[in-house]
Amino acid sequence: MATLKEIAQAAQVSVATVSRVLNDDPTLSVKSQTRQKILEAAERLEYKVHSARRQASQRLTFAALYTYGQDLEINDPYYLAMRYGIETQCEKLGITLMSCYDFKDERPVAADGLLVIGKPQPLAQAWLEQQELPLVYLDGVTDDPRFDCVNVDLYKISQKVIDYFISRGYLRIGFIGGRDDPAWPDQRELAFVEYGRGKKVVKTQDIFYGDFTSQSGYQCAMKMLASSEDYPPALFVATDSIAIGVLRALHEHGIKVPEQMALISVNDIPTARFVFPALSTVRIHSETMGAQAVNLLSDRLRDERTIPLSVYVPSSMQLRDSTK
């Protein structure tokens, strides 16, 4: 029987295109003439598509392993939008999706591929590294060269915010962020400290962190304001949810935003434009991130790709009333 390579040579197309046409891939966009050439070459070379393989391609099951509890989606719509992107794209591609929250340790998963959302705990990470299933990390960079990942460049976001404040004449910039593990700084915090010190606009006493909730933002801001009346005139906040708590603390202390303290946060959740003052923020397209993770996993299974890919979804700054 003919091989896909022989059909590809006869039709003068790639092997991946031949495979997708012969398996009726619903996501493939190809000219009708090209499709016809492939089918004619397959018939001429007496190639037969195995029915079991065709059916298997239509019954893919992905497992979404969330490293956090579902209640986090209530406090931070960034994660809710990411899940929506995953679910919508799976539905579009006809993929069965299983979801598991609070993924912290080894557990059996009956799936064709895994989507790991967030940064896994050490036990879970060790288990994942032993898996032979195709795997995509989403919102959690991995150094393992075997796996795909979809992320946003948080280092670049921190640098972009610092550069903006400097361009507006600010010589001192504070930071309020969150950590999943108190011992491990978030990428935004790491970049802020490294880049900000290089620009001579960051002081150690102006860096505060808790978790990623509005309550934590409120507590961190209260701590900052209680420590000294000499607070920074500009503030970078790791997420919009944290920033909502920060705004409340500033309001209670009678500090005017942005006249006395300018503020930029990250995510651009729907609430960001409706708080007072409306938040200047860096928009992260988390729904797109979720959809692209599904696409990467689907493509890897379909094309039998062995080379891992890293996709960085771009961000954009949305300037509103919390900056001058």
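1. A friendly place to start is helix α10. At 1.5 Å a residue, its 14 residues should span 20 Å, and the end C-alpha atoms of α10 are 20 Å apart, so expectation and model agree. Do keep in mind that this is a predicted model.

2. Next, the neighbour of α10. Helix α10 covers residues 214-227 and helix α11 covers residues 240-252; their axes come within 6 Å and cross at roughly 40°. Angles under 35 degrees count as roughly parallel and 65 to 115 as roughly perpendicular, with oblique in between, so α10 is oblique to α11. The crossing of the two helices is right-handed.

3. As for who touches whom, α10 contributes S214, G217, Y218, A221, M222 and L225 to this contact, while α11 brings S241, I242, I244, G245, V246, R248, A249, L250 and E252. Sorted by class, the contact of α10 with α11 holds nine nonpolar residues, four polar ones and two charged ones.

4. Which residues of α10 are buried? They are S216, G217, Y218, C220, A221, M224 and L225.

5. Finally, the wider setting. The protein chain has twelve helices and twelve strands, and its C-alpha atoms fill a box of roughly 80 × 40 × 35 Å along the principal axes. Of the 324 residues in the chain, 51% are buried. Looking at contacts between residues at least 6 apart in sequence, you will find that 71% join residues at least 24 apart.

Conventions. Residues are numbered from 1 along each chain as its sequence is written. This is a predicted model: local features need pLDDT of at least 70, side-chain atom pairs count only at pLDDT 80 or more; totals for chains, interfaces and linings use all residues. Side-chain values use heavy atoms; hydrogens and water are left out. Axes are lines fitted to C-alpha atoms, for helices over the stretch in contact, and angles run from 0 to 180 degrees between N-to-C directions. Helices (H or I, at least four residues) and strands (E, at least two) are DSSP runs, numbered from the N terminus. Angles under 35 degrees count as roughly parallel, over 145 as roughly antiparallel, 65 to 115 as roughly perpendicular and the rest as oblique. A crossing is left-handed if the near helix is turned anticlockwise from the far one by less than a right angle, and right-handed if clockwise. Contact means heavy atoms within 4.5 Å. Ala, Val, Leu, Ile, Met, Phe, Trp, Tyr, Cys and Pro count as nonpolar, Asp, Glu, Lys and Arg as charged, and the others, Gly among them, as polar. The expected span of a helix is 1.5 Å times one less than its number of residues. Buried means under 20% relative accessible area, exposed over 50%, partly exposed in between (1.4 Å probe, protein chains only).
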